[in-house]
Amino acid sequence: MSFPWAKQYEPKAPLMRWLDEKLPLPRLAYNAIGAGYPVPRNLNYFWNFGVLAGAALLIQIVTGVTLAMNYAANGGVAFGSVERIMRDVPAGWFLRYAHANGASMFLFVVYVHIARGLYYGSYKAPREMVWLLGVVIFLLMMATAFMGYVLPWGQMSFWGAQVITGFFSAIPGVGETVRVWLLGGYAPDNAALNRFFSLHYLLPFVTAGVVILKIWALHIPGSNNPTGLDVKGPQDTVPFHPYYTAKDAVGLGAFLFLFAALIFFVPNLLGHPDNYIEANPLSTPAHIVPEWYFLPFYAILKSFTADFILPAKLWGVLAMFGSILLLFFLPWLDNSPVRSANYRPTYRAFLWVLLVDVLVLGYVGGAEAIPRNVILGQIASAYYFAHFLIILPLISASERPRPLPNSITEAVLEKHAGTSPAKTAMA
Amino acid sequence: MVRAISYLVGLAFVGVLAIALIGTAYSAVTEPPPATAEHEFHRHPRDAQLASSGAFGKFDDRQVQRGFQVYKEVCSACHSLKYVSFRDLGEIGYTEAEVKAIAAQWTIEQPSINPETGEAATRKNTPADRIPSPYPNEIAARAANNNALPPDLSLMVKARHDGANYTYSLLTGYQAQPAALLREFPEAKTPQGLHYNPYFANLNIAMPAPLTAQTAVQYTDGTRGTVDQNARDVAAFLTWTAEPKLEQRHAAGLASLAFIAIFCFLAWGAYQNVWRDVEH
């Protein structure tokens with residue numbers, strides 16, 4: 001794997017030589033995220049977001065494991081145990097706010113990461129497997145985030161769990177039985193809370209496992225880049241370390257700055273006030289809304305208001321899951337040989353429409369269900385499916401891409417036209 | 001093959017959405033959603049101007065103490081504060097002796113067990129105790145309040161949008177139902193036993209005005225005990241009960257941002273240095 005000109009790991013200290021013979025872990029790290037991994041020299045800041053997602057996962061695991069030491073997964077005391085963390089556990093407020101806002105930061109960087117992949121065609125051959133594993137991680141994250149939101153056992157926790165597990169009752173015939181079986185009761189209660197806690201603790205480690213597979217799969221073709229061109233030779237790449245470790249450190253700093261601003265100054269900005277009211281099965285909140293990162297999908301679910309052959313609810317659930325599952329087929333729906341949207345004017349125009357479309361869906365997902373918003377959501381949902389399932393295959397067949405540069409290095413030099421060629425010769 | 005299926009699935013979703021859209025548009029025209037009194041007469045909270053608001057906010061201990069006095073003399077008759085312990089009052093400036101005295105003199109005693117007979121009993125509160133609830137259970141609370149349950153106030157400020165301002169506005173917002181409302185929505189007349197308050201979500205709240213010009217709490221620190229002042233102070237106190245670590249959080253936040261800013265500066269320098277010879 002990797003390129004023939006990749007630097008080789010050469011341990012100098014006797015201990016490292018000894019370790020390299022017995023367990024070549026430092027060699028693995030060197031080749032994965034060290035100087036042994038050649039990376040295109042022209043990556044922009046959008047390529048920071050993979051590393052940031054990894055950092056966010058790590059932060060979630062560390063804060064989460066610590067919180068679990070103080071949390072009690074029992075319907076009678078869960079809410080109180082969270083308040084104890086906030087008031088009596090040393091730095092407990094920090095751990096909880098970091099974990100709650102960490103989920104938002106994690107989803108945020110992953111959304112940017114996915115958008116980056118869409119824009120620069122990172123899902124296309126030869127990186128299909130990297131993309132597929134990424135979609136698996138996204139699904140795992142969504143499940144984990146949902147179950148984590150249930151744990152404080154506030155009103156939104158409880159009613160969110162009620163709504164989400166209600167999806168299963170849309171399955172024709174056996175739906176209600178499946179729902180009761182999954183919940184361990186007719187409504188979310190202790191059994192469901194314990195299941196969610198168990199899975200909420202398990203899934204991040206499954207995610208970490210898939211992350212390792214994803215990095216493995218990435219290292220076979222190597223990273224994509226803003227031109228979408230293949231690496232042609234050593235002049236096109238720089239070693240990951242120190243070049244991209246340095247650049248990622250800048251991105252990490254910006255990420256932590258934003259994260260800290262959220263935790264310390266507006267920790268409840270992205271939460272819902274109702275979740276500071278203890279779960280009460282007898283009192284339904286006026287508006288049940290999920291966390292911000294699920295709002296576009298919630299809008300798709302709500303947009304299906306008409307029974308047509310299938311009941312509206314089943315359409316909504318199918319469409320909501322379908323809106324994510326269709327990402328698995330993206331590498332085969334879009335078979336334009338050009339990766340980067342920089343050279344695909346039509347694709348790029350539609351991609352910007354998609355971005356606006358998803359933001360509109362996000363707005364509709366959280367807004368009141370007045371006719372104007374419902375209609376807006378129905379149009380936006382229709383575009384979402386049309387974009388991926390109809391428009392994308394059509395334009396990938398008909399579009400005339402702009403002329404591509406011959407190589408990554410040529411593209412870089414064009415950008416910096418007028419500089420001396422001697423400076424660009426890379427070791 | 002993938003494309004043929006993709007077109008079909010895409011058309012199916014778009015088609016069903018088109019049908020749904022026609023249905024939505026049709027019913028929006030034929031039966032437009034009725035205007036409601038809540039929609040027209042509900043008001044957004046007014047600013048309570050608390051010292052704790054904003055990124056650098058700190059509690060004004062004297063105000064929070066006055067708010068505690070209002071809670072003790074008025075609110076605590078019906079509302080519990082179950083996540084707050086007497087010892088926590090040390091954080092808003094009471095000395096250890098004062099906390100002990102407040103706990104010992106609290107009207108509602110702590111439920112306990114008679115050590116000799118094992119029968120249910122009560123004892124005086126200590127600083128380690130949580131502030132006891134005025135009612136032994138929910139049924140008792142409802143029975144005493146016309147079947148309405150006075151909610152616990154510990155987290156109230158975080159459990160409402162714009163909670164501190166909401167608390168202040170609600171407590172000062174009691175008024176007679178506007179004539180315009182009754183003219184437009186005769187069926188929205190405040191029912192017997194409820195009280196009109198434009199800051200409450202559905203405009204009619206079960207709690208009667210707790211602070212009135214006659215019953216306003218008088219302070220010992222020289223501040224004039226008006227209804228408006230009482231409401232501001234109790235909003236400040238409930239901000240503290242909901243978020244007791246607010247000051248530590250703000251202080252730690254400033255230190256963290258400064259630290260991260262330095263990190264960013266160094267990382268940027270390292271980045272410039274590492275890449276100085278490479279066009280990218």
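These legends go with several close-up views of a predicted model.

**View 1. Chain A taken as a whole.** Chain A has 17 helices and 2 strands. For its 427 residues a compact globule would come out near 22 Å in radius of gyration, and the 24 Å of chain A agrees with that. Along the principal axes, the C-alpha atoms fill a box of roughly 75 × 60 × 40 Å. Some 46% of the residues in chain A are buried. If you look at contacts with a separation of 6 or more, 77% of those in chain A come from residues 24 or more positions apart.

**View 2. Chain B taken as a whole.** Here the secondary structure comes to 9 helices and 6 strands. The globule rule gives 19 Å for 280 residues, but chain B has a radius of gyration of 27 Å, well over that value, so chain B is more spread out than a compact globule. Its C-alpha atoms need a box of roughly 85 × 70 × 50 Å along the principal axes. Of the 280 residues in chain B, 30% count as buried. Among the contacts of chain B with a separation of 6 or more, residues 24 or more positions apart account for 65%.

**View 3. Where chain A meets chain B.** The contact involves 55 residues of chain A and 50 residues of chain B. On the chain A side, several helices each supply at least two residues, including α4 (78–87), α12, α15 (371–398) and α16 (408–415). Which helix gives the most to this side of chain A? That would be α10(A), with 14 residues. Sorted by class, the chain A side has 39 nonpolar, 10 polar and 6 charged residues.

**View 4. Helices α11 and α12 of chain A crossing.** The axes of α11 (residues 295–303) and α12 (residues 312–325) come within 7 Å and cross at roughly 150°. Anything over 145 degrees counts as roughly antiparallel, and therefore α11(A) and α12(A) are roughly antiparallel to each other. Their crossing is right-handed. From α11(A), the contact uses A:F297, A:I300, A:L301 and A:K302, while α12(A) brings in A:G316, A:V317, A:A319, A:M320 and A:S323. That makes 6 nonpolar, 2 polar and 1 charged residues in the contact.

**View 5. Two cis peptide bonds in chain A.** Most peptide bonds are trans, but the bond joining A:A125 and A:P126 is cis, with omega about 5°. A:P126 sits in the loop between α5 (92–119) and α6 (128–150) of chain A. The bond from A:H241 to A:P242 is also cis, and omega there is near 10°.

**View 6. Positive phi in two loops of chain B.** Most residues other than glycine have a negative phi. B:Q49 has a positive one, near 50°, and lies in the loop between α2 (37–41) and α3 (61–73) of chain B. Phi of B:L203 is positive too, near 75°; this residue belongs to the loop between β5 (195–196) and β6 (204–205) of chain B. Buried or exposed, how does B:Q49 count? B:Q49 counts as exposed because 12 C-beta neighbours lie inside 10 Å. B:L203 has 23 C-beta neighbours inside 10 Å, so B:L203 counts as buried.

How values were computed: Residues numbered from 1 in each chain as written. Chains lettered and ligands numbered in written order. Predicted model: local features only at pLDDT ≥ 70, side-chain atom pairs only at ≥ 80, totals over all residues. Axes fitted to C-alpha atoms, helices over the stretch in contact; angles between N-to-C directions. Helix = DSSP H or I, 4+ residues; strand = E, 2+ residues; numbered from the N terminus. Parallel < 35°, antiparallel > 145°, perpendicular 65-115°, else oblique. Left-handed = near helix turned anticlockwise from the far one by under 90°. Contact = placed C-beta atoms within 7 Å. Nonpolar A, V, L, I, M, F, W, Y, C, P; charged D, E, K, R; others polar. Rg over C-alpha atoms; globule rule 2.2 N^0.38 Å. Buried ≥ 20, exposed ≤ 12 C-beta atoms within 10 Å, placed from the backbone.
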